[in-house]
Structure formats: structure tokens, C-alpha cells
Amino acid sequence: MKVKKVILILCALVLVALSAVSCKKKTESASYFRSVSSARALTSSVKIDLKGASFDEFLNRGLIKVKSVEEEGVRYGVMNQAGESILPVSYRSVTCSGDFLIAEGGEEVSRHHVFSLDGTLLYVSDDEIEVTDVGGGFFSVVTKSTSYLFNGKGENVLPGSLLDQSYAFSACGNYVLARSAEKGRTFVFHTLTSDIIYSFFDSETTSYVVAYLGGSDFAVVKTDLADAADYDVALDRGAEGKKYYKQTVRRYTAGVSDPAVLSTGRFIVKIFNAYSVGMTEEDREGFSLKEGFQGVAYYETVGKTASGALSYYIGDASLKELKALPAGVSPLATFVNGTAAVSNASGAICFLNESAEVTGVIDDAVYQDVFFSGEVVVASKVTESGVLRRGGFDKSGKNVIPFEYSYISSFVGGKAVVSKGGKAYVMTSSGAETYVGDYTMPHYFDGFYETRSGDFVGATSFDGVPLIAPTYQTFSAVRRYGDSVYVALSLGAVTDVYRFY
């Protein structure tokens, strides 16, 4: 009995060991993308008290620009969604760039001011200025002759650096990229010391692509004009003939003297990540690729010849190809509930998961205007009658909405507004219709639809919940921020503002 018991124990141990080995072999696919949740149904509304001011427009992150007509002219201010004053109604103009407000006038009538979104004054100038959110809590100020960079405390990050008005910036942790597309020049500065870490100047025969990779690392793609005897890619320009190029890719690490040569096996055209020039802080928050991954555009080639067509892959901090994307599919796709739906180079619809794996393809037609809101992928195609119509598929590829509609909104809470033949309907994700009114081309439908009573309009949620009684003459503006939709409705000279949620 003892021998038998020992044998059973040994067998159990062997099975456990084999199971462990088997589990180690099963590796999950890497997840490259962030996903957002589909918009939930609107169920409630609240009126926002503008404290006697008049509505002008909706700004970023739920802020509201308001105005008042004074003897000296119209004056503007800013309120938040709770009706609290961010900027007093005393400025000749108010605009917004990302997470910064730009106001002209006030008590110093000739001055231009930059504020944070909570109303903190960061910068004042007597000159005409252009202000841009460059991410990371930084903003640039461009005058007629010079570009400056400031942090969230209003401090000049690059004192003594004389960059002209052609430069754009991207704040990258402890560094900042400054790029002049006009002059073909790129600088990398340290934001704490203002020192120039790197500089790259294009010429008639050489161009550079510089991208921040995270930490202290930068990718630098150097492309040189070459000849037919020694080249990496020949770009066929048709009647203009071919141009030949050689390319070297290096990773520069601040504080390390020698850059590392990277072997990508691709002829790189562009690198996409959350630190690309032109991204605001809100853009970065919504950027689909996760931190540490790069979207890379490269020339498709036959042999060593390229026509100019681009394909894309997802790379790591060494720009090593981790996952190739289908031809024509950009890494800037939006993932909703773990899935993206995009059109590829041939016009087919591809479903991707967060690991960039193709989970389904619809290739029975050439599809256009593809968008996905979590329940249905909506697209347009030319029907047999020769007209362009919209329809939709579920994630299994089933055609749940026939291609007979002129308009289909995004799905919110599993429902959308559609129109055909001058009539509008609320439609479920399974294709069931409920008539809501005569609309040839509905507008301002984002989880709610317009209701009418005689000459007056109101709003009802896609689920049929009355949000605003039909007591207004028109919708003036609508803007979504997160799970809230801000709506302005007018009656004569009076405009009221509501938040639907």
C-alpha cells in the first residue's frame, strides 16, 4: 500500500509539472491599444444657471463661454458646468486652446492673457499672440517674430532660446521637441536646464524625423538622397522618374555619447505617438496606443521600389516591429469596448482587437465613412441603384441595419437616430425602428433626438425619456464631454444651457 501511495504521489507531481510547462507555453497576446467604453444612455437633464450672462459657445472640457452686451460693446467670460465663474464677463474676446484660455482686454484693455482652465493667470502680453497647448501642462506663445514655451506655472522654459515664429513644440517629460517644418530644423531641449540636448538640420539632400520614445530616448530617422548604385528605396514618381534614398535609424539617449543604430527592416516615413507635435493634453489622454508603443508609417515596396503607398506597424522603444497592421489601416484607430472597426486599403471593413489582431473582415463591397460606437459599425457604400447609402453590421459581421439610410448617428446606450425618405427613426442595435419625426438630415443628435410641438422644439433621449419639453424655437449648439452632453436651446433672444447625463 505504501508503494502504491508513493507511485500515486509521483504521478500527481508529474502532472502538476507538465501542467506548469503547458501554462508557460500559453502566452497571451500583448495589448497595444487603450479602449474606451461606449456612450451610455442619457436619462436626466439639469439647467445650468448662467448668472444673468448670455450663452455664446461651448469650450473644452465642459466649460461655457458667456457674454454680455455693454455700452462699450460685447464682453465675454467663462463659466464651468456648475455655473461658477472661471473668467469674469469683462474681456473683448475669449478663445481656448486645449487646456488654456486666451482672453483679450479686461481692465488692461490692450493686453492679452493666458489662463489655465481653472482661471489662474499664467501669462500677459501687450503683443498679438497665438497660444497652443503642447501637452504635459505646457503651452507655447508665438508672437510676430518669436516662439516661446511656458510651463503650467507661467514660467518661461527656454529663456535665451531665440526661436522664430515657425516653431511648434511637444512637451516630452523632462524634454521638449521644437520643430520648424518651414526651416527643416529640430531641437531637443531639457526643460529644467534649457540646454539644447540635440539639434538636427534638414538640407537639400538630407531630412530628419525625430520622435520621443519615452524616458530619455529619442528616435532619429535620417534619410539621404542617394543614387541608383547604392540605395535603400527608389520612390517612383511616375513621369518625374525615380528618386533614390538611403536611411539610417538611431536611438539617441540623453547623457549617452554614442547613439544606437536601430535595424527596423522598413523605410520609415513617420512615427506616431502621444508625444507627436500638435497633440494637446486632452489628445494625449485619448490617444489609443498605450505608453511605450509607437505607430510607424513606412513605404510599401516591391523589391526596393515604392509607389508612395503607406502601411503601418506597431513598434516598441527600439522601433522593432511588434505587429503589422493590415494594408491601409492606421494605428490611430479608436477602440470601443475592446474592438475597433476600420476600412483597409481595398475598402473592406476590418475588426481589430486590442492586440491588433484581425477578428473579422467584411469584404463584399467597397465601404466608406466607417465608424464604430460600440454596438454597430456604421459605413456607407454605393448600392445596386447607384446611390450612396448608410447601413451597419454587428461585431459578428451580420448586416443588422440595411443600406437604405441617408443618415445614421453614433449609437448611445445601444440606440441611434437614422433617417430615410425624409423621416427619422430611433433604431436599436438589432435594427428595430421607432418613428420620431420628419427630418431629412437630423442635426445635434447625440443620445437624444429633437421633439416638436407646433413651432417649438425640445429633446427626448433615445430611450424615450423626456429631457426638455418642446418650448424653444431652435437648438443653438451641442457638445459632448465624457458622459455629459451640453445643449443650448434658444427662444427669441434668450438661450438656455442644459447638461444631459
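Select A356. This residue is buried, with a relative accessible area of 2%. Buried means under 20% relative accessible area, exposed means over 50%, and partly exposed lies in between (1.4 Å probe, protein chains only). A356 sits in the loop between β29 (349–353) and β30 (358–362). Strands here are DSSP runs of E with at least two residues, helices are runs of H or I with at least four, and both are numbered from the N terminus. Now check the backbone: phi of A356 is near 65 degrees, a positive value in a residue other than glycine.

A word on what is on screen. This is a predicted model, where local features need pLDDT of at least 70, side-chain atom pairs count only at pLDDT 80 or more, and totals for chains, interfaces and linings use all residues. Residues are numbered from 1 along each chain as its sequence is written, and side-chain values use heavy atoms, with hydrogens and water left out.

Go to R61. R61 belongs to the loop between β3 (54–58) and β4 (64–70). R61 counts as buried, because its relative accessibility is 18%.

Next, select G265. Is G265 buried or exposed? G265 is exposed, at a relative accessible area of 73%. Look for G265 in the loop between β22 (260–262) and β23 (268–272). From C-alpha to C-alpha, G265 and V221 are 13 Å apart in space, and 44 residues separate them in sequence.

**Stop three: the whole chain**

Zoom out. The protein chain has 2 helices and 44 strands. Its C-alpha trace spans about 80 × 70 × 70 Å along the principal axes. Of its 501 residues, 47% count as buried.

Now think about contacts, meaning heavy atoms within 4.5 Å. Take the contacts in the protein chain between residues at least 6 apart in sequence: 37% of them join residues at least 24 apart.

**Stop four: R390 and its contacts**

Select R390 in strand β33 (residues 388–393). R390 counts as buried, because its relative accessibility is 13%. Which residues does R390 contact, leaving aside neighbours within four places in sequence? Show D369, F371, V378, A379, S380, P402, F403, E404, Y405, S406, Y407 and I408.

**Stop five: aromatic pairs**

Colour the rings. Rings of Phe, Tyr and Trp (its six-membered ring) pair if their centres lie within 6.5 Å; planes under 30 degrees apart count as stacked, over 60 as edge-to-face and the rest as tilted. How many aromatic pairs does this rule give? The count is 34.

Select Y167 and F187. Their pair is tilted, with 6.0 Å centre to centre and 40 degrees between the planes. Y167 lies in strand β14 (residues 167–172) and F187 in strand β16 (residues 185–190), so the pair ties together parts 20 residues apart in sequence. Y167 is buried at a relative accessible area of 6%. F187 also counts as buried, at 11% relative accessibility.

Move on to F448 and F500. Their ring centres are 5.3 Å apart and their planes are at 85 degrees, so this pair is edge-to-face. F448 is in strand β39 (residues 448–453) and F500 in strand β44 (residues 494–500), so the pair ties together parts 52 residues apart in sequence. F448 counts as buried at 1% relative accessibility. F500 is buried at a relative accessible area of 0%.

Then select Y175, Y198, F200, Y208, Y212, F218, Y252 and Y275. Ring pairs link these residues into a cluster.

**Last stop: the cavity**

On a 1 Å grid over the protein atoms alone, a cavity is a set of points where a 1.4 Å probe fits but cannot get out; lining residues have an atom within 4 Å of a point. Grid points are joined across faces, edges and corners, and a volume is the space filled by probe spheres set on the points. The count is 1 cavity of 30 Å³ or more. The largest cavity holds about 30 Å³ of space.

Show its lining: S147, Y148, L149, N156, L158, S161 and L163. Which strand gives the most to this lining? Strand β12 (residues 146–150) does, with 3 residues. By class, the lining has 4 nonpolar, 3 polar and no charged residues. Ala, Val, Leu, Ile, Met, Phe, Trp, Tyr, Cys and Pro count as nonpolar, Asp, Glu, Lys and Arg as charged, and the others, Gly among them, as polar.

Conventions. On a 1 Å grid over the protein atoms alone, a cavity is a set of points where a 1.4 Å probe fits but cannot get out, and a pocket is an open set with protein on both sides within 12 Å along at least five of seven lines; lining residues have an atom within 4 Å of a point.
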